[in-house]
Amino acid sequence: MEPKVSIIMGSTSDLDVMAKAAKLLDDFEIPFEMNALSAHRTPDEVEKFAKGARDNGIKVIIAGAGMAAHLPGVIAAMTPVPVIGVPINASLSGFDSILAILQMPPGIPVATVAVNGAMNAAILAVQMMATGDDVLMQKLVDYKESLKQKIVKANSELSEVKYNFKTN
């Protein structure tokens, strides 16, 4: 089994956040790899990974980083593979990470999700790959329908909640 998505984190302290992306990819039966790479501590390894990602069959990279969150942008600078950045709340409520990931120069895009939004990063990766894969697209459609059904069920359950002045 060869990975199609690469989940990269600045350090294993980011694993609690990035595990949500791994769980979703696992649920969709998409092979992925997980590695810790640091733009500041292991720049040579980051360069080797980024420059080899496409040749290694990687279709999308999900990169999470906190504080000096340069990892997604550095990777994006060295690969044609789409990069999704996950700002991690390590300081300043994650706002510093948002800006570091979001404010990329022209020609070096990084898709950016919410602070600690690794699950949405994985959904976006699935959506990207599903554009050329009908089976994966159907799984995605089914997943989105299940989200809808959760809300329908929640409203049904809320209708049973009683208050003196509740009108529905």
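Helix α6 (residues 134-159) is the element that contributes most to the lining of the second largest pocket, supplying three residues. Helices here are DSSP runs of H or I with at least four residues, strands are E runs of at least two, and both are numbered from the N terminus. This is a predicted model, in which local features need pLDDT of at least 70, side-chain atom pairs count only at pLDDT 80 or more, and totals for chains, interfaces and linings use all residues. Residues are numbered from 1 along each chain as its sequence is written, and side-chain values use heavy atoms, with hydrogens and water left out.

**Pockets**

- The second largest pocket has a volume of about 180 Å³, the volume being the space filled by probe spheres set on grid points that are joined across faces, edges and corners.
- A pocket is an open set of points on a 1 Å grid over the protein atoms alone, where a 1.4 Å probe fits, with protein on both sides within 12 Å along at least five of seven lines; lining residues have an atom within 4 Å of a point.
- Residues lining the second largest pocket include Lys4, Phe28, Glu29, Lys59, Asp133 and Lys139.
- By class, this second lining holds six nonpolar, one polar and five charged residues; Ala, Val, Leu, Ile, Met, Phe, Trp, Tyr, Cys and Pro count as nonpolar, Asp, Glu, Lys and Arg as charged, and the others, Gly among them, as polar.
- Nine nonpolar, eight polar and two charged residues make up the lining of the largest pocket.

**Nonpolar cores**

- A nonpolar core is a set of buried Ala, Val, Leu, Ile, Met, Phe, Trp, Tyr and Cys residues joined through side-chain atoms within 4.5 Å, where buried means under 20% relative accessible area (1.4 Å probe, protein chains only).
- The largest core has 28 residues, and Phe28 and Ile30 are among those touching the most other members.
- Elements giving at least two residues each to this core include β1 (5-9), α5 (118-130) and α6, with the largest share, eight residues, coming from α5.
- Another core, of 19 residues, lies apart from it and includes Val46, Ala53, Leu71 and Ile75.

**Sheet**

- Five strands form an open sheet in the order β2-β1-β3-β4-β5, with parallel pairing; two strands pair if DSSP finds at least two bridges between them.
- At the edges are β2 (32-36) and β5 (111-112), each pairing on one side only.
- Parallel strands β1 and β3 are joined by five bridges, and Val5 has Val60 in β3 as its bridge partner.

Definitions and conventions: Buried means under 20% relative accessible area, exposed over 50%, partly exposed in between (1.4 Å probe, protein chains only).
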